[in-house]
Amino acid sequence: MTLDTLQTQNHLIVRQRIRLMVNQYEVHAVTPDGQEAGILAFAQQKRLAFKEQVTLYTDDTKQVPLLGFKARQVIDLGATYDVTDAGGQPIGLFRKNFAASLLRSSWVVEQPGYGEIAGQERNQWVAILRRFIDYLSWLPYHFDFVIQGRPAFSVVRKWGLRDTYQVSIHDPNVDRRLVVAMAVGLDALQSR
């Protein structure tokens with residue numbers, strides 16, 4: 001997968017792999033008829049890491065890094081995650097809006113020179129149920145991200161044995177690497 005290929009995508013599927021000691025995710029392109037296509041990126045996160053860090057590679061051989069994100073702080077309820085390219089250069093960030101997330105999870109994505117992209121769970125009742133009734137944490141959710149009142153992208157968690165997310169990118173100027181990082185981050189970090 002090349003960066004140019006990723007940047008042309010308007011729809012993605014992010015699928016979690018079931019593994020014992022790590023969280024792994026496949027990021028797939030989507031065909032015009034809505035079917036899952038080839039792998040665009042592969043992500044891996046160590047569980048129980050002291051400081052949250054996820055690296056995304058071009059495929060599951062993990063030979064060529066594509067991007068990554070890492071928490072600035074070790075412990076922080078509203079931690080900021082810096083997103084960098086393969087060479088370690090910053091391409092943006094995302095952070096949880098802790099106060100707004102008490103009843104409905106809220107995130108902020110920042111792309112340099114583009115402004116703040118705010119994301120929030122669409123259904124407040126599902127958000128409340130998932131928060132306060134532990135055995136309902138599996139409920140699907142839908143995040144809408146907007147910039148200046150217009151849709152930027154959305155992430156929808158689907159029903160299934162393993163976590164699967166449908167990602168739709170509405171704003172052609174949003175860096176797809178930030179969208180992928182946020183989609184993976186929603187699964188890896190949402191319950192924190």
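Mentor: Two strands pair if DSSP finds at least two bridges between them. Keep in mind that this model is predicted.

Trainee: How many residues lie between β8 and β9 in their hairpin?

Mentor: Six bridges join β8 to β9, residues 115-121. That passes the cut-off of at least two bridges. The strands run antiparallel, and E110 has E116 of β9 as its bridge partner. In the turn, G113 has a positive phi of about 75°. The hairpin's count between the strands is three residues.

Trainee: Which residue in β10 stands opposite A118?

Mentor: β9 also pairs with β10, residues 142-147. Four bridges join these antiparallel strands. Opposite A118 stands V146.

Trainee: Why is α3 described as largely enclosed by the rest of the structure?

Mentor: Buried means under 20% relative accessible area. α3 is largely enclosed because, of its 14 residues, the number buried is 14.

Trainee: How far apart are the end C-alpha atoms of α3?

Mentor: Take 1.5 Å a residue. The 14 residues should then span 20 Å. The model agrees with that, as the end C-alpha atoms are apart by 19 Å.

Trainee: What accessible area do F98, L102 and L103 have together?

Mentor: L102 is in the loop between β7 and β8. With F98 and L103, L102 forms a nonpolar patch on the surface. Their accessible area together is about 280 Å².

Conventions
Residues numbered from 1 in each chain as written. Predicted model: local features only at pLDDT ≥ 70, side-chain atom pairs only at ≥ 80, totals over all residues. Heavy atoms only, no water. Patch = residues over 30% accessible without salt bridge, like charges linked within 9 Å, V, L, I, M, F, W, Y side chains within 5 Å. Areas by Shrake-Rupley, 256 points an atom, 1.4 Å probe, with all protein chains shown as cover. Salt bridge = Lys/Arg side-chain N within 4 Å of Asp/Glu carboxyl O. Helix = DSSP H or I, 4+ residues; strand = E, 2+ residues; numbered from the N terminus. Expected span 1.5 Å × (residues − 1). Buried < 20%, exposed > 50% of the residue type's maximum accessible area, 1.4 Å probe, protein only.
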